[in-house]
Amino acid sequence: MRSRTRRLTSAAAATGLALALVTGCGTDTDDEGLGDATPDATTPEATTEVTEEEMEPPEGMFFGSEVEVGEGSARTFVLLDDDGAPTEVGIRLSEGALEALPDAPEGPPEFWEMELPDEAEDTVFQFVSLDWASHGHEPPGLFDVPHFDIHFYMIEADEVMAIDPEDPEFAEKAENVPEPQYMPQDFITLPGAPVAETAVPAMGVHWIDSEGGLVPGEYEFEVVFINGSWDGEYTFMEPMVTLEFLQSRESFEAEIKQPEAYQRSGYYPTMYSVTFDEATGEHVITLGGMEMREES
């Protein structure tokens, strides 16, 4: 586990103001895809111990690195079909991972850098960063509740760490956004603020869904999807999910908006979900519905 300064404090006010300008004229997806709540934990079904046989992963599932999180663990995975093509990638959090998490009211988020399994090599993803924000982060009234940010990066880890405000070309690289056809439909940089001022060290520029209703004080954050870029490239996909939503064991599923063209060839996800796997006792954040796309 490590911590680092992930968000520019000078960008906080600009980000809050910019997000307030998003009108959210589309449908708010707070409750979209939510299923029924899990049975009360005191019921026999919820308290039955998981056997080793039940904990066997599905056929075609392979695991990457595993790290200690809270009083439990997190591990990456990929699911392959019968032809060996990836259909899902994601991260699985044990129940204990939601307990005794680091508390840093004034500090930056904690993060765990995680490798994907070798079997995920045909996807566009290089590695995953699991970030824990114990008190959320800016802007106030939007994402300032305890939550996990899961970055699925399409560039190498050393390239991500090189996103540094000390770089004399930092602002220039931030302002160099990808050509419009390479970013997902409806996603925009934060309006009302220079792009360079909203760039986050060791992450990049965050893009929000202009149709998602992300208005501070009005939007009820449970699960949301963010995209990112750096120096002309579409660089990450980022599901964000609150601790409270994970603890509820409710389910969420939504489509991932697609770009018109692709900067690199590989399997891309078309949907994402948050579920609880009763068989293994794990919270699962998945990028699924993988489809092959060619560089264009």
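1. Let's start with a cavity. Met154, Tyr182, Tyr234, Pro259, Ala261, Tyr262, Gln263, Arg264 and Tyr268 line the second largest cavity of this predicted model. Its space comes to about 50 Å³, and the lining is made up of seven nonpolar residues, one polar and one charged. Searching the whole structure gives two cavities of 30 Å³ or more.

2. The largest nonpolar core holds 55 residues, and Phe125, Leu130, Phe148, Ile150 and Val241 have the most contacts inside it. Apart from this core lies another, of 10 residues, with Leu214, Tyr219, Ile226 and Met240 among them. For a closer look at Leu130: beyond its neighbours within four places in sequence, its contacts include Val69, Ile91, Trp112, Phe148 and Ile150, and also Glu110 and Asp149.

3. The whole structure has 10 salt bridges, and a network of them links Arg75, Arg92, Asp277 and Glu282.

4. Arg92 has another partner, Asp277, with the closest N and O atoms 2.4 Å apart. Asp277 is in strand S14 (residues 271-277) and Arg92 in strand S4 (residues 86-94), 185 residues apart.

5. Buried or exposed: where do Arg92 and Glu282 fall? Both are buried, with relative accessibility of 5% for Arg92 and 6% for Glu282. Asp277 is partly exposed, at 22%.

Methods:
Residues numbered from 1 in each chain as written. Predicted model: local features only at pLDDT ≥ 70, side-chain atom pairs only at ≥ 80, totals over all residues. Heavy atoms only, no water. 1 Å grid on protein atoms, 1.4 Å probe; cavity = no way out; pocket = protein on both sides within 12 Å on 5 of 7 lines; lining within 4 Å. Points joined across faces, edges and corners; volume = space filled by probe spheres on them. Nonpolar A, V, L, I, M, F, W, Y, C, P; charged D, E, K, R; others polar. Core = buried A, V, L, I, M, F, W, Y, C linked by side-chain atoms within 4.5 Å. Buried < 20%, exposed > 50% of the residue type's maximum accessible area, 1.4 Å probe, protein only. Contact = heavy atoms within 4.5 Å. Salt bridge = Lys/Arg side-chain N within 4 Å of Asp/Glu carboxyl O. Helix = DSSP H or I, 4+ residues; strand = E, 2+ residues; numbered from the N terminus.
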